[in-house]
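Here is a friendly briefing to read with the structure beside you.

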Amino acid sequence: MSITNRLSQTAPDPQVLPAPSAGAREAAGAAAATEPVRAGSQHLIHTTPGISTKSERTDMTPHESQTSHHQTRVDTTFDHFHDLYAVRTLGLKTSPVRALFAVANRPEVVSLAGGMPNIADLPLDVVGDALRELIGTRGTQAMQYGSGQGEPEIREGICQVMSVEGIDADPDDVTVTCGSQQALDLVTRIFCDPGDVVMAESPSYVGALNTFASYQAEVIHVGMDEQGIDPQSLREQVSRARRAGKRVKFLYTIPNHSNPSGISQSEQRRRELVEEARHLDLLIVEDNPYGLLNLDGDPLPTLRSMSPDNVVYLGSFSKTFAPGFRVGWALAPRFVRERLVLAQESATLCPPVFSQFAVSTYLTHWDWRKQVRVFIDMYRERRDAMLSALAEHMPEGTTWTRPSGGFFVWLTVPGGLDSAAMLPRAVSDLVAYTPGTAFYADGRGQENIRLSYCYPTPERIRVGVDRLAGVMRRELDIRTTFGVAASSGPHPRDMGPGPDSV
Ligand SMILES: Cc1ncc(COP(=O)(O)O)c(C=O)c1O
């Protein structure tokens, strides 16, 4: 049965997600399919560099097609501006897999692909009251331009949040950003010229890899084990790059519950890493959106708390409150902070004052620590559902990480399966995931899959894992019957996921 038929014949399941598109877009940016994807019975979508893509409804009456404002005719034209785009944007391209994930976003598909936080447990009445009060008492200030560094009151609130993880910070060293994604962008902007090197975990966050690529920085992946980054691998890679005349700008790391691997660095490893970075005279960029979502115990000390002078720390309210406000931050040594503020001013003039006031009002009106514990209980149940479903269903030879927090489990699939090539088959079987190729800058990751447990209910997670295991079994059977097909080779990492990438 074709994907189209399967999808259209499957009744929507009321239990499933309302299907926003973030996960789809992330995964869309992640995979590397090259074939046109037939996304629904009426749309045939091709993507070719330099050629714009529109879709056509072929089943409309002439009257419908004349009156519909939403439908477009097939109109494949050359992008008139193609030769004008900056070189640094040439690697940014949309993916045909976006079309596939438009399908995968349907409610009958269990998406284990995106990393959207589940914010259903937020006290919307409290947030609503706080926002009403904010408008009533400081409405004009909240809707006015503000400071390029961010408003003092939210910077103080941010310092209180960071103190839970043992960071002793001065609000003056904090720069507020539009999500920590923008902090990543600003840090890269102020440090990286084309050709400069960023050291990153293997695998690493797709949104960061895209940012590094958009500044034409070269990413060198550093070896990891279950304790986190291997300091010896870091030393070797940095030394080799420097011997080759490359300028190594910083190490990018997610020490807590990494996206995508779910791995957390042990405390001992953190100390070794900080020591090694000092020895190498290497700046660390510590990205920590998941630090407070420790499902099994207390947070471990941050790298910033171990080495305040050598770490730029990035934080976010996206996972502990709500991503829609887009409030994140960078805590940086003073000289770096000065440049970050200048970069922020040139990018946005100032981060949105309304969002900053909204978040600081939430922090003062609500027991946000208790709210984080509510989130932790909810995510723990989902994590446990995923781990037990994996143990129950996965084919022999599959291995996976056991995250102590965050949103993600990282699978290594057996028998030479290719996770990117398998994705269309999985979506046709009503389950979606993010292929591992999204998380490497060097074409690795075919044998890996990132599964997220943050958004679907435990029940849906179990259904999704069962379906995925079925797809893998069939692929393995085909390989056993017909032999291993010629490898599709390394996959170029696909750029340009939307918010995702989370
Ligand atoms: C590791 C990591 N860093 C940064 C971000 C960006 O988050 P935000 O911009 O919402 O703060 C994400 C989003 O999922 C992430 O997983």
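Predicted model: local features only at pLDDT ≥ 70, side-chain atom pairs only at ≥ 80, totals over all residues.

- Strands β5 and β9 run parallel and are joined by four bridges. To find this pairing in the model, look for Ala200, whose bridge partner in β9 is Tyr252.

- How many of the five residues of β10 are buried? Five of the five are, so this strand (residues 283–287) is largely enclosed by the rest of the structure.
- Both faces of β10 are covered: Leu283, Val285 and Asp287 are buried on one side, and Ile284 and Glu286 are buried on the other.
- On the β9 side, four bridges join β10 to β9 (residues 248–253), and the two strands run parallel. Phe250 has Leu283 of β10 as its bridge partner.
- The pairing of β10 with β11 (residues 311–316) is also in the parallel sense, over four bridges. Here, Asp287 has Leu314 of β11 as its bridge partner.
- Together with helix α10 (residues 267–280), β9 and β10 make a right-handed β-α-β unit.

- Helix α9 covers residues 231–243, which makes 13 residues. From its first C-alpha to its last it reaches 18 Å, close to the 18 Å expected at 1.5 Å a residue.
- Which residues of α9 are buried? They include Pro231, Leu234 and Val238.
- Viewed down the helix axis, the buried residues of α9 fall within an arc of 50 degrees, so they line one face of the helix.
- The face turned away from that buried side carries exposed residues: Gln232, Ser239, Arg240 and Arg243.
- Among the elements that cover the buried residues of α9 are β5 (197–201), β6 (218–222), β8 (228–229), β9 and α10.
- Just after α9, Gly245 has a positive phi of about 85 degrees.

**Helix α8, largely enclosed**

- In helix α8 (residues 206–214), eight of the nine residues are buried, so the helix is largely enclosed by the rest of the structure.
- The buried residues of α8 include Val206, Leu209 and Phe212, along with Gly207 and Ala208.
- Just after α8, Gln216 takes a positive phi of about 60 degrees.

**The four-stranded sheet**

- Another open sheet has four strands in the order β13-β14-β17-β16, and its pairing is antiparallel.
- Its edge strands, β13 (399–400) and β16 (434–435), each pair on one side only.
- Two bridges link β16 and β17 (residues 448–452) in the antiparallel sense. For a place to look, Pro435 has Ile449 of β17 as its bridge partner.

**The whole chain**

- The protein chain has 16 helices and 17 strands.
- Of its 502 residues, 47% count as buried.
- Among the contacts in the chain with a separation of 6 or more, 79% come from residues 24 or more positions apart.

Conventions. Residues numbered from 1 in each chain as written. Buried ≥ 20, exposed ≤ 12 C-beta atoms within 10 Å, placed from the backbone. Pairing = 2+ DSSP bridges. Right-handed = clockwise from strand over helix to strand, strands pointing away. Expected span 1.5 Å × (residues − 1). Arc of directions from axis to C-beta. Contact = placed C-beta atoms within 7 Å.
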